[in-house]
Amino acid sequence: MPTLLLKLSGPLQSWGTQSRYRRRETDSMPSKSGVIGLLAAALGRARTESVDDLSSLGFAVRIDAPGQMVRDYQTAKDWARKPNDDAKLSTRYYLSDAVFLVALESDDRAFLERLESALRAPVYPLYLGRRSCPAGYDMVPGKESAIREYSAVDALRHEPWNVAERIRQQSPNPVQLPIVRESASGEDGLLVNDVPVSFSPEHRQYLSRKVLTDSVPVTVENPDSQVRSFDTVDFMSFVQEA
């Protein structure tokens, strides 16, 4: 089953599946609903159009760099029309300098090819969760096709590590990277309200899906490593400190 790969990286990302109102959290990795919204924007779909075909895509994420959580305290006020009203306060959370490799799986290769073409020449601007988080120029990795002839998880296991050279040099060889995927039939997992039915502003609607982290992280070669000896440590903590 073919898989389309996306590299999601940038100064800031924010992928909320729980937060509402004045406190906007971010998950620790891209949400399926956020990525589907990105695909719909690339295709030029209105918020009221169906996204059932996009929601049916298989979905998995490899965490190449977890980034760091940052908080932004915001105030907003309509000075022109309501100068005497109190300012509206909100707290928003983001992931800084995170890198994720997302795999979108489908048995319809032609559909994946249409998505890849749309992402390379999107109708609407693309964002990593929020409008303040523009997508990177290399979101579709490489100049050749980003479609692989593997399942989502297998495709993530075959790809090189997508982080800055400085981090590769300061990291061991090989490295182990977590993969978070949708639960297969009969598997248990964490229930997440993350499958969009409608993005309509008047009636947004989501369904739930089950996700889990593979018990064995993927091992990826790091030929740029300049580490001569490396004690066993928690890799994600190491990258955050690098």
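How many of the eight residues of strand β4 (residues 58-65) are buried? Eight of its eight residues are buried, so that the strand is mostly covered, where buried means under 20% relative accessible area, exposed over 50%, and partly exposed in between, with a 1.4 Å probe and protein chains only. The model is predicted, and for that reason local features need pLDDT of at least 70 and side-chain atom pairs count only at pLDDT 80 or more, whereas totals for chains, interfaces and linings use all residues. Residues are numbered from 1 along each chain as its sequence is written, and side-chain values use heavy atoms, with hydrogens and water left out.

The strands named here (E, at least two residues) and the helices (H or I, at least four) are DSSP runs numbered from the N terminus, and two strands pair if DSSP finds at least two bridges between them. Strand β4 is joined by seven bridges to the antiparallel strand β7 (residues 99-105), and the bridge partner of G58 in β7 is E105. Three bridges join β4 to strand β10 (residues 179-182), again running antiparallel, with R62 standing opposite I179 of β10. From β10 the pairing continues over three bridges to strand β12 (residues 205-213), in the antiparallel sense, and there V180 has T213 as its bridge partner. Taken as a whole, seven strands form an open sheet with antiparallel pairing, in the order β8-β1-β7-β4-β10-β12-β11. Its edge strands, each of which pairs on one side only, are β8 (147-148) and β11 (190-198).

Angles run from 0 to 180 degrees between N-to-C directions, and the axes are lines fitted to C-alpha atoms, for helices over the stretch in contact. Helix α1 (residues 32-43) lies across β1 (3-9), β4, β7, β10, β11 and β12, and runs at about 25 degrees to β11. Helix α3 (residues 109-120) also packs on the sheet, where it touches β1, β7 and β8 and makes an angle of about 25 degrees with the direction of β1.

Within helix α1 one finds L38, which is buried, with a relative accessible area of 4%. Leaving aside residues up to four places away in sequence, L38 touches L119, L126, Y127, L128 and M139. The C-alpha atoms of L38 and P125 are 8.7 Å apart in space, although the two residues are 87 apart in sequence.

On a 1 Å grid over the protein atoms alone, a cavity is a set of points where a 1.4 Å probe fits but cannot get out, while a pocket is an open set with protein on both sides within 12 Å along at least five of seven lines, and lining residues have an atom within 4 Å of a point. Of the 33 lining residues, R47, G129, R130, F199 and R204 are the closest to the centre of the pocket. Two or more residues of the lining come from each of α1, β6 (88-96) and β11, and α1 gives the most, with six.

Two bridges join the antiparallel strand β2 (residues 12-13) to β6, with L12 opposite S96, whereas strand β3 (residues 23-24) pairs with β6 in the parallel sense, over two bridges, and R23 has T91 as its bridge partner.

Several loop positions complete the picture. In the loop between β6 and β7 lies D97, which has a positive phi of about 60 degrees although it is not a glycine, and D97 is exposed, with a relative accessible area of 55%. R131, in the loop between α3 and β8, is likewise exposed, with a relative accessible area of 69%. Finally, the peptide bond from N173 to P174 is cis, with omega near 0 degrees, and P174 belongs to the loop between α5 (165-169) and β9 (175-177).

Definitions and conventions
Contact = heavy atoms within 4.5 Å.
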